[in-house]
Amino acid sequence: MNVERTLDEKVRNNRKLIEPRGAQTAPLMLQQPVEDDEIDLLQVVRTLWRGKLWIAFTTLVAILIAGYYVFVAAVPVYTAESYVALDSRQGQVVDFENVISGLSGDQATINTELEVLKSRGLTRKLVNELNLVEDPEFNSRLLEEPGFSLGTLQAWVRGMIAGEQEVAPPPTPEIVLEEVVTAVKEKINVSNIRNSYVFKISVTTEDPEKSAKIANTLADLYIVNQLDVKFDATRKATDWLAERVALLERDLAEAETAVKDFNARTELVSPEALEALNRQAKDTRDRIAILKSNLATQEAQLARLEQAWESKDRAAMAEVAAEIGGDRAPTPTMSDRVFQTRYLQLMNSTKAAVARSRSQIESLSAAVAQIEEQIKMQSQDLVQLEQLTRKAEALRSVYEYFLNRLQETSAQQGIQQADSRVLSEAVIPTVPSAPKKARIFALAAILGMMLGAAFVLLREFTNRTVRTADDLENLTRLPVLGQVPMIPGGKRRGQIEYLAAKPESAGAEAIRNLRTSILYSNVDQPPQVVMLTSSIPGEGKTTLSIALAQSFAGLNKRVLLIEGDMRRQAFKRYFQDQHDGGGLLSVLTGRQSLTEAVQKSGLVGADLLRAEKTSVNAADVFASDRFSELIAEARASYDIVIIDTPPVLVVPDARTIAQVADALVFSVKWDSTEQDQIVDAIRMFESVNIRPTGLVLNMINRKGMKKYGYGGKYGAYARYGAKYYKN
Ligand SMILES: Nc1ncnc2c1ncn2[C@@H]1O[C@H](COP(=O)(O)OP(=O)(O)O)[C@@H](O)[C@H]1O
Ligand SMILES: [Mg+2]
């Protein structure tokens with residue numbers, strides 16, 4: 001109190017505290033304070049904690065949406081699973097060589113069988129087997145045309161463009177079947193269980209029984225299909241073999257007939273007969289040779305006989321005759337006649353012998369020729385017979401082989417085994433496989449939480465309001481003269497009454513602090529004319545000016561409170577006591593003196609100079625010399641003059657009034673006014689060479705402060721501060 005008293009004396013000779021910008025040495029302000037690039041984890045957690053209601057809200061909304069989806073929108077589907085095992089090792093019932101060998105069971109086989117299970121062909125069989133074309137779940141054409149769909153819209157647009165409605169021709173059954181096959185394939189998932197020969201067929205449809213039925217039917221069809229393939233192959237082989245056997249049989253019969261016919265046609269031909277003939281031919285030829293040598297001898301004898309005959313030499317003749325004729329020869333002792341006769345007889349008989357030999361040779365030669373001819377003929381026949389026989393034999397062995405194979409293969413037809421078997425049949429599922437309620441809810445909750453958190457963080461990071469005096473000082477490079485909490489007591493007048501009634505409340509102390517800061521803002525010349533302003537409406541200028549007036553009055557000072565906001569005239573909300581006419585304008589126009597125009601306020605303990613309605617522009621009023629004169633007059637009669645002004649960013653009045661003020665107190669609403677607005681407003685003053693004396697962070701929310709984590713740092717708002725105040 002003492003300090004303020006002494007100050008009070010100095011305040012009397014007041015001069016302008018607000019000086020032209022050039023006189024200031026310090027840089028006016030930094031638009032942006034040095035910012036921390038690091039994201040403080042604690043800060044993030046705090047921000048999230050502060051936004052917990054938002055996060056809870058988005059989480060709840062997400063869960064509600066998920067609930068709607070799970071319980072209303074989503075159609076539950078059921079998955080049934082059947083298992084088929086591939087038998088790589090198979091017991092052979094009969095040790096025949098198979099037409100189709102069993103499956104080997106390597107990876108390629110597994111993949112192949114997997115593809116077979118997934119194949120359109122098998123699915124088509126399934127569709128036909130279960131008549132799925134009649135099932136609207138797979139055949140969308142059975143569903144009623146929806147009132148609106150992309151398709152109808154497309155058709156409508158096309159119709160509009162073409163000018164006439166195109167009518168699509170009804171699809172053929174084949175097209176429908178293929179569509180259904182595609183739809184069914186989408187509901188079936190076949191997979192090979194790792195490192196095994198087992199395939200899992202899972203089917204998901206809207207009906208549990210249908211799922212199970214399809215899964216089981218597909219497994220059965222697959223196995224039947226495998227058998228079919230084998231059976232088909234065996235049957236084809238059998239058919240082919242049968243055909244071959246029939247042909248062979250015919251050929252064989254022909255060949256055998258040929259042999260028989262040949263045998264019948266020729267004399268019994270045999271190698272033995274041929275040999276006999278050969279022997280006969282040789283004998284004959286031997287005989288011919290003997291005959292020929294005989295003939296030669298006989299001819300030689302005949303020649304000697306004839307030679308001796310012609311010589312007429314009886315002795316010679318007798319000698320030759322004796323040599324040749326033997327006892328039939330004439331002897332020399334015989335008479336000539338007898339001798340001659342006998343000699344002639346001998347000669348004739350020799351001639352006859354020659355002739356006989358010749359004819360014998362001739363006939364034997366003919367016989368040999370005949371035999372040889374016969375041999376030749378017979379050996380040809382024999383060759384042909386051998387050929388025919390060989391052919392028939394060859395045919396027979398081929399025929400027998402084929403016949404044998406045919407019999408084996410036909411036997412196989414009945415004993416084919418599939419290479420797979422159903423390992424376990426699908427059971428009818430009782431619980432839908434989708435929607436997975438727990439998972440969807442968990443996901444929705446997480447998603448909702450993340451969305452909420454993102455929203456809260458985004459809001460925080462884009463927040464450009466001011467929450468601490470430090471921030472404000474960093475932003476403006478101006479001192480913060482006071483930090484005023486939210487004053488309880490209702491609105492406006494209630495708050496002033498509260499301050500009057502509770503001088504030891506936190507609010508009253510804050511106003512008192514502000515008062516002190518203002519007085520000390522210039523130690524040499526404590527300000528006498530103090531104006532309050534701010535960027536925008538609602539930052540507590542009016543409330544603060546009244547509270548300050550009240551506080552100064554509490555020092556037993558003569559205080560004049562001028563309502564400088566002629567446009568809004570908010571004083572009437574604080575001072576219900578009827579205003580008896582007169583006020584600022586009356587004084588300025590000279591209708592009233594200052595003393596006449598002021599109104600005493602018991603609540604504040606100060607004189608009020610209230611605004612009046614005017615047709616003149618408010619800014620012009622404050623720019624007038626009369627206003628300066630009024631302030632000079634007020635300086636003389638009052639210790640302190642407090643002027644409430646309108647917001648800077650809205651009207652120019654404050655900048656004009658500032659020209660006559662000693663101190664300019666700039667109010668900033670806590671966590672509300674945006675930094676840009678504050679900076680812009682201060683720039684407005686700079687443009688007319690005014691520098692605010694300092695700022696007030698007003699309407700600070702104690703709880704909010706704590707929430708933002710400043711509670712511990714800022715004395716008055718810290719927990720311990722509460723002990724000092726009696727709210
Ligand atoms: N420190 C404060 N604590 C609580 N409410 C306040 C405070 N300052 C101002 N208010 C309230 O804010 C509203 C606007 O204040 P007002 O003084 O009219 O602002 P301005 O004059 O800047 O437009 C009023 O309802 C007022 O009661
Ligand atoms: Mg106001």
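Colleague: Hi! How do the residues of the shell around ligand 1 divide into nonpolar, polar and charged?

Modeller: Hi! In this predicted model, the shell around ligand 1 has seven nonpolar residues, six polar ones and five charged ones.

Colleague: Nice. And how many residues surround ligand 1, and which are the closest?

Modeller: There are 18 residues around ligand 1. Ile 487, Gln 495, Lys 541, Thr 542 and Thr 543 are the closest.

Colleague: Which helices and strands each supply at least two residues of that shell?

Modeller: Those are β5 (480-485), α16 (541-553) and β12 (694-700).

Colleague: Which one gives the most to the shell?

Modeller: That would be α16, which gives three residues to the shell around ligand 1.

Colleague: Let's talk side chains. Where does a polar side-chain atom of Thr 542 lie relative to ligand 1?

Modeller: A polar atom in the side chain of Thr 542 is 2.7 Å from an oxygen atom of ligand 1. Gln 495 also has a polar side-chain atom 2.7 Å from an oxygen atom of the ligand. For Arg 492, a polar side-chain atom lies 2.8 Å from an oxygen atom of ligand 1.

Colleague: And how much of ligand 1 does the protein bury?

Modeller: Ligand 1 exposes 550 Å² when taken alone, and the protein buries 93% of that.

Colleague: Changing topic: where is Ser 82, and is that residue buried or exposed?

Modeller: Ser 82 is in strand β1, which covers residues 78-86. Its relative accessibility is 0%, so Ser 82 counts as buried.

Colleague: What lies 3.0 Å from a polar atom of the Ser 82 side chain?

Modeller: The backbone oxygen of Ala 215 does.

Colleague: Now the surface. Which residues form the nonpolar patch there?

Modeller: The patch is formed by Leu 150, Leu 153, Trp 156, Val 157, Met 160 and Ile 161. Together they have about 670 Å² of accessible area.

Colleague: Let me pick Val 157. Which helix is that in?

Modeller: Val 157 belongs to helix α6, residues 150-162.

Colleague: And why does Val 157 count as partly exposed?

Modeller: Because its relative accessibility is 37%, and partly exposed runs between the 20% limit for buried and the 50% limit for exposed.

Colleague: Last one, Asp 207. Where does that residue sit?

Modeller: Asp 207 is in the loop between β3 (198-205) and α8 (208-265). With 33% relative accessibility, Asp 207 counts as partly exposed.

Colleague: How far is the C-alpha atom of Asp 207 from that of Glu 137?

Modeller: Their C-alpha atoms are separated by 9.6 Å, while Asp 207 and Glu 137 are 70 residues apart along the chain.

Note on methods
Residues numbered from 1 in each chain as written. Chains lettered and ligands numbered in written order. Predicted model: local features only at pLDDT ≥ 70, side-chain atom pairs only at ≥ 80, totals over all residues. Heavy atoms only, no water. Near = heavy atom within 4 Å. Polar contact = N/O pair within 3.5 Å; in protein donor to acceptor, adjacent residues only side chain to side chain. Areas by Shrake-Rupley, 256 points an atom, 1.4 Å probe, with all protein chains shown as cover. Helix = DSSP H or I, 4+ residues; strand = E, 2+ residues; numbered from the N terminus. Nonpolar A, V, L, I, M, F, W, Y, C, P; charged D, E, K, R; others polar. Buried < 20%, exposed > 50% of the residue type's maximum accessible area, 1.4 Å probe, protein only. Patch = residues over 30% accessible without salt bridge, like charges linked within 9 Å, V, L, I, M, F, W, Y side chains within 5 Å. Salt bridge = Lys/Arg side-chain N within 4 Å of Asp/Glu carboxyl O.
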